[in-house]
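Here is a short briefing on one protein chain. Keep the sequence and the 3D view open as you read.

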Amino acid sequence: MNQTPDVKLPEQTAIWQDTLNWQPTEEQQALFQKLFELILEFNQQINLTRLIEPHDFWEKHLWDSIRGIAPLLSGKIPINPGDKIIDIGTGGGFPGIPVAFALPDSSVTLLDSTRKKINILTTILEQLNSKNASPWLGRAEAFGQHPKQRESYQLALLRAVAPPSVCAEYSLPLLKIGGFGILYRGHWTTEEEKQLQSAVKKLGGILESVDGFTTPLTQGIRHCVWIKKVKPTPKQYPRSVGVPAQKPL
Ligand code: SAH
């Protein structure tokens with residue numbers, strides 16, 4: 001058994017409040033701390049993240065994950081108890097795990113195609129006693145054609161998974177009509193926006209908004225790109241495993 005490093009996360013209560021008009025409860029803060037310790041522990045077995053310094057972890061994993069769902073926390077975009085959320089290509093659990101902490105009445109699926117990562121996430125979520133996050137091993141392309149999964153999610157989150165138009169093909173088939181995909185991006189270019197516009201059109205979606213901001217500790221550039229499902233996705237999407245990334249729409 002590896003020893004858990006003794007490292008305390010900053011709380012940053014004022015920053016949460018100023019940037020999101022939200023702050024974690026004591027219970028949520030304890031979950032953040034426990035998650036950090038577990039990630040540090042398992043990072044010794046498999047590379048889950050290179051952000052192991054407490055302020056980096058706080059800003060680029062916790063704050064960044066939750067900033068993406070700001071319109072849900074403020075009530076600007078409604079979310080109902082029991083709504084299903086999917087984090088596609090969750091890796092070490094981001095943004096899905098912090099989002100599951102922040103929205104305890106939702107049900108969060110953490111999808112990744114790497115077995116080792118899903119096995120570790122399973123252990124981490126057990127140790128966190130998580131009731132509303134479940135890891136799943138699989139490919140977004142296969143999930144999107146599964147009758148039980150297709151058109152069943154209110155929200156799909158994607159960070160650092162694929163180019164925007166590929167993210168659109170991974171997420172729109174899984175969304176209910178009226179549901180949103182949130183693409184967590186760094187810089188955002190007009191070229192990417194053009195490609196995304198053309199892809200979402202084929203997939204039954206629209207580009208809803210682009211929310212640009214900087215991170216609160218190091219002023220990193222971020223954009224959360226919101227796409228909305230407005231009509232059913234044609235049956236041929238998502239295409240077979242590997243095709244969306246090889247031949248982006
Ligand atoms: N979202 C995380 C991890 C990004 S790394 C973060 O921001 O920290 C990208 C992850 O996506 C990898 O773990 C990889 O296994 C997974 N992935 C890539 N393509 C996928 C696909 N088509 N279906 C499911 N998972 C995928």
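Begin with helix α8, residues 164-171: eight of its eight residues are buried, so the helix is largely enclosed by the rest of the structure. Keep in mind that this is a predicted model.

**Helix α8**
- Which residues of α8 are buried? They are Pro-164, Ser-165, Val-166, Cys-167, Ala-168, Glu-169, Tyr-170 and Ser-171.
- Buried means under 20% relative accessible area, so each of these residues falls below that cut-off.

**The whole chain**
- The secondary structure of the protein chain comes to 10 helices and seven strands.
- Along the principal axes, the C-alpha atoms fill a box of roughly 50 × 40 × 35 Å.
- Of the 249 residues, 53% are buried.
- Take the contacts between residues at least 6 apart in sequence: 70% of them join residues at least 24 apart.
- The accessible surface is about 11400 Å², and 50% of it belongs to carbon and sulfur atoms.
- The chain carries 27 positive and 24 negative side chains. The centres of these two sets lie 11 Å apart.

**Aromatic pairs**
- How many aromatic pairs does the structure hold? There are nine.
- One of them joins Trp-63 and Phe-213: the ring centres are 5.8 Å apart and the planes meet at 70°, so the pair is edge-to-face.
- Trp-63 lies in helix α3 and Phe-213 in strand β6 (residues 205-214), so this pair ties together parts that are 150 residues apart in sequence.
- Trp-63 is buried, at 1% relative accessibility. Phe-213 is buried too, with a relative accessible area of 12%.
- Phe-180 and Trp-226 also pair: their ring centres are 5.4 Å apart and their planes are at 70°, so this pair is edge-to-face.
- Here Phe-180 sits in strand β5 (residues 175-185) and Trp-226 in strand β7 (residues 221-229), so the pair links parts that are 46 residues apart in sequence.
- Phe-180 is buried, with a relative accessible area of 8%. Trp-226 counts as buried at 2% relative accessibility.
- Trp-16, Trp-22, Phe-32, Trp-58 and Phe-101 form one aromatic cluster.

- Ile-46 is in the loop between α2 (26-42) and α3 (54-67).
- Is Ile-46 buried or exposed? At 12% relative accessibility, Ile-46 counts as buried.
- Leaving aside neighbours within four places in sequence, Ile-46 is in contact with Lys-116, Lys-117 and Ile-120.
- Ile-46 and Leu-196 are 150 residues apart along the chain, and their C-alpha atoms are separated by 33 Å.
- Glu-151 lies in the loop between α7 (140-143) and β4 (153-159).
- Glu-151 counts as partly exposed, at 30% relative accessibility.
- Which residues does Glu-151 touch, not counting residues up to four places away in sequence? They are Pro-173, Leu-174, Leu-175, Lys-176, Lys-229, Pro-232 and Thr-233.
- The C-alpha atoms of Glu-151 and Pro-54 are separated by 38 Å, and the two residues are 97 apart along the chain.

**Backbone details**
- A cis peptide bond joins Phe-94 and Pro-95, with omega about 5°. Pro-95 is in the loop between β1 (84-88) and α5 (96-102).
- The peptide bond from Tyr-237 to Pro-238 is cis, and its omega is near -5°. Pro-238 is in the loop between β7 and α10 (243-246).
- Asn-21 has a phi near 50°, a positive value in a residue other than glycine. Its place is in the loop between α1 (13-20) and α2. At 64% relative accessibility, Asn-21 counts as exposed.
- Asn-129 has a phi near 60°, a positive value in a residue other than glycine. Asn-129 is found in the loop between α6 (115-127) and β3 (133-137). With a relative accessible area of 54%, Asn-129 is exposed.

Key. Residues numbered from 1 in each chain as written. Predicted model: local features only at pLDDT ≥ 70, side-chain atom pairs only at ≥ 80, totals over all residues. Heavy atoms only, no water. Helix = DSSP H or I, 4+ residues; strand = E, 2+ residues; numbered from the N terminus. Buried < 20%, exposed > 50% of the residue type's maximum accessible area, 1.4 Å probe, protein only. Contact = heavy atoms within 4.5 Å. Areas by Shrake-Rupley, 256 points an atom, 1.4 Å probe, with all protein chains shown as cover. Lys, Arg positive; Asp, Glu negative; His and termini not counted. Charge placed at Lys NZ, Arg CZ, Asp CG, Glu CD. Phe/Tyr/Trp six-rings, centres within 6.5 Å; stacked < 30°, edge-to-face > 60°.
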